[in-house]
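Q: I am new to this structure. Can you take me through a few of its features, one by one?

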Amino acid sequence: ALDYKMKLAEIKSTKKIVRVSHHSHIHGLGVDEYGKAIPDYSFIIGQSEAREAASLIVELIKSKRFSGRTILFAGPPGSGKTAIALAISQELGSKVPFHPMVASEVYSAEVKKTEILMENFRRAIGIRVKEIKEVYEGEVTELTPIETETPFSGYKKTISHVILGLKSSKGMRQLKLDPTMYEAIVSEKINVGDVIYVESTSGAVKRMGRSKNFAHEFDLELDQYVPVPKGDVLKKKEILQDLTLHDLDVANAFPEATHDVTSLINQFMKP
């Protein structure tokens with residue numbers, strides 16, 4: 001993946017949904033810390049030499065010494081080519097794109113074969129976007145939707161604004177939010193005591209977890225506890241986002257899009 005310093009809003013991934021298959025149980029190459037194949041590894045068995053060779057490829061990729069190179073797997077059907085390729089992708093992690101395809105996808109009466117192949121290639125090429133954003137980050141101390149009567153009905157009430165209180169290690173701050181952001185707060189299931197951050201430009205709300213100040217509230221809980229953010233409530237935060245070239249192609253496909261990649265994603269692919 002490559003690092004680009006540009007101002008980009010978060011965009012949704014266009015990764016295909018992979019159906020459960022006979023390779024869905026594979027979670028790694030099954031090698032030890034010395035790169036030797038584990039004989040009784042439960043996820044993948046056999047092809048010990050190929051798995052050890054694949055582990056060397058994984059180390060080269062992680063050390064950024066395999067850029068611009070490819071791997072060709074050759075062998076008869078059922079010899080484990082797809083299994084080892086999938087195991088390599090599992091070792092590299094979810095941030096490295098891995099896009100499997102079958103030959104039946106290439107045959108189409110409407111789309112050329114070269115276009116289908118190019119789309120799949122671009123789905124497998126990842127980029128890493130680095131952006132510095134101003135965010136409000138802290139523990140929620142107050143969350144109050146303010147209701148007001150509508151001019152069209154004397155009985156029905158609507159939310160005029162939302163009062164949000166945030167606390168960090170250096171202070172507290174009270175924000176008055178637009179009523180359209182209340183839906184995002186509800187969808188994130190944010191309550192008092194949660195640690196969140198709100199982007200000052202796009203208004204995107206993200207729940208980080210439950211504050212450690214409430215760790216002893218319950219004996220057993222499935223929620224993840226995070227510390228109270230350090231520094232001021234309003235701060236600049238570096239946000240990394242992993243995309244593919246196909247994600248940028250989708251953003252560029254809008255008819256009213258411009259030629260500037262930054263304005264493309266900022267305008268059309270906001271969360």
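A: Start with a definition. A charge sits over a ring if NZ of Lys or CZ of Arg is within 6 Å of the ring centre and within 35 degrees of the ring normal. Keep in mind that this is a predicted model.

Q: Which residue lies over the face of F214?

A: R210 does, at 4.7 Å from the ring centre.

Q: How many aromatic pairs does a search of the whole structure find?

A: A pair of aromatic rings is described by the distance of the centres and the angle of the planes. Here the search of the whole structure finds 0 such pairs.

Q: What pLDDT does the chain average?

A: Where pLDDT is low, the predicted coordinates should not be read in detail. The chain averages 79, and 81% of the residues score at least 70. Over residues 1-7 the pLDDT is below 50; the stretch has 20 contacts in the model beyond near neighbours in sequence. Residues 255-265 are also below 50, with 22 such contacts.

Q: How do strands β3 and β4 run, parallel or antiparallel?

A: Antiparallel. Strand β3 covers residues 157-167 and β4 covers residues 172-177, with 6 bridges joining them. A hairpin of 4 residues links the two. I163 stands opposite K176 in β4.

Q: At what angle do the axes of helices α3 and α5 cross?

A: Two packed helices are described by the angle between their axes and the distance between the axes. The axes of α3 (residues 113-123) and α5 (residues 245-252) cross at roughly 115 degrees and come within 6 Å. E119, R122 and R123 of α3 meet L245, H246 and D249 of α5. By type, the contact has 1 nonpolar, 1 polar and 4 charged residues.

Definitions and conventions: Residues numbered from 1 in each chain as written. Predicted model: local features only at pLDDT ≥ 70, side-chain atom pairs only at ≥ 80, totals over all residues. Heavy atoms only, no water. Phe/Tyr/Trp six-rings, centres within 6.5 Å; stacked < 30°, edge-to-face > 60°. pLDDT = per-residue confidence, 0-100. Contact = heavy atoms within 4.5 Å. Pairing = 2+ DSSP bridges. Axes fitted to C-alpha atoms, helices over the stretch in contact; angles between N-to-C directions. Nonpolar A, V, L, I, M, F, W, Y, C, P; charged D, E, K, R; others polar.
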